[in-house]
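Below are some notes for a colleague who is opening this model for the first time. Please read them with the structure in view.

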Amino acid sequence: MGNKNLHCQRVVPFWLLLLDNLPTVSMFFLGTAILIRVTLWLGIGYLFYAGFAIAWFWAHICPHCHHFATFGCPCGYGHISSLFFKKKNGTNFRRIFRKNIVVLFPCWFIPPVVTIYVLLQQFDRALFVLMILFSITAFLLVPYVSKFVGCKNCASRSNCPWINKEKK
Ligand code: SF4
């Protein structure tokens with residue numbers, strides 16, 4: 001399990017890890033369902049890209065984080081990352097986060113862009129419903145759960161660029 005820092009300030013319970021991950025996983029599957037409805041290979045490509053983006057997050061963001069290899073990570077990524085990567089010390093977490101988080105952005109924006117393009121050509125009720133579900137999940141549930149549940153009591157909150165978007 002690598003170099004665990006068990007002296008972190010809190011232990012995130014398992015139910016909270018599940019709650020924190022459920023909206024993101026749901027978003028990936030809804031995005032895949034949307035794109036499969038358009039073209040099978042687009043859906044499969046999206047799912048692979050989502051996996052790649054999460055692995056990128058584990059490799060390039062988590063090792064720089066205060067919660068790496070602790071039980072304090074609100075979504076459990078810090079644990080998973082520590083199974084594969086080594087901790088990086090002395091780096092600016094805010095700068096690293098901002099530089100690498102863009103890899104995840106296509107997971108949020110490819111399904112809506114493709115859906116709008118397809119719906120402008122021809123209305124598809126199932127695609128429209130999937131798009132509504134995707135939008136609620138991706139743009140409301142994911143940020144709400146991470147900010148107000150998973151990250152609510154985090155000691156690194158003041159240093160987190162996800163919570164403090166206005167800070168430079
Ligand atoms: S808090 Fe965020 S950056 Fe830190 S280990 Fe967890 S998922 Fe990674």
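1. Phe28 touches Leu47, Ala50 and Cys107, leaving aside residues up to four places away in sequence; two residues are in contact if their C-beta atoms, placed from the backbone, lie within 7 Å. The model is a predicted one, in which local features need pLDDT of at least 70 and side-chain atom pairs count only at pLDDT 80 or more, while totals for chains, interfaces and linings use all residues. Residues are numbered from 1 along each chain as its sequence is written.

2. Phe28 is found in helix α1, residues 14–38. Helices are DSSP runs (H or I, at least four residues), numbered from the N terminus.

3. Is Phe28 buried or exposed? Phe28 is buried, because 22 other C-beta atoms lie within 10 Å. A residue counts as buried if 20 or more other C-beta atoms, placed from the backbone, lie within 10 Å of its own, as exposed if 12 or fewer do, and as partly exposed in between.

4. α1 and α2 pack at an angle of about 155°, and their axes are 5 Å apart. Axes are lines fitted to C-alpha atoms, for helices over the stretch in contact, and angles run from 0 to 180 degrees between N-to-C directions. The two helices, α1 and α2, are therefore roughly antiparallel, a term for angles over 145 degrees. On the α1 side the contact is made by Phe28, Gly31, Thr32, Leu35, Ile36 and Val38, and on the α2 side by Leu40, Leu42, Gly43, Tyr46, Leu47 and Ala50. These residues divide into nine nonpolar, three polar and no charged. Ala, Val, Leu, Ile, Met, Phe, Trp, Tyr, Cys and Pro count as nonpolar, Asp, Glu, Lys and Arg as charged, and the others, Gly among them, as polar.

5. Helix α2 (residues 40–60) also packs with helix α5 (residues 105–121), at an angle of about 160° and with the axes 9 Å apart. α2 and α5 are therefore roughly antiparallel to each other. Tyr46, Tyr49, Ala50 and Ala53 of α2 meet Pro106, Cys107 and Ile110 of α5 in this contact. Its residues divide into seven nonpolar, no polar and no charged.

6. Which residues surround the ligand? They are Ile61, Cys62, Cys65, His67, Phe68, Cys73, Pro74, Cys75, Tyr77 and Gly78, where near means a C-beta atom, placed from the backbone, within 6 Å. This shell has eight nonpolar residues, two polar and no charged.

Notes
Parallel < 35°, antiparallel > 145°, perpendicular 65-115°, else oblique.
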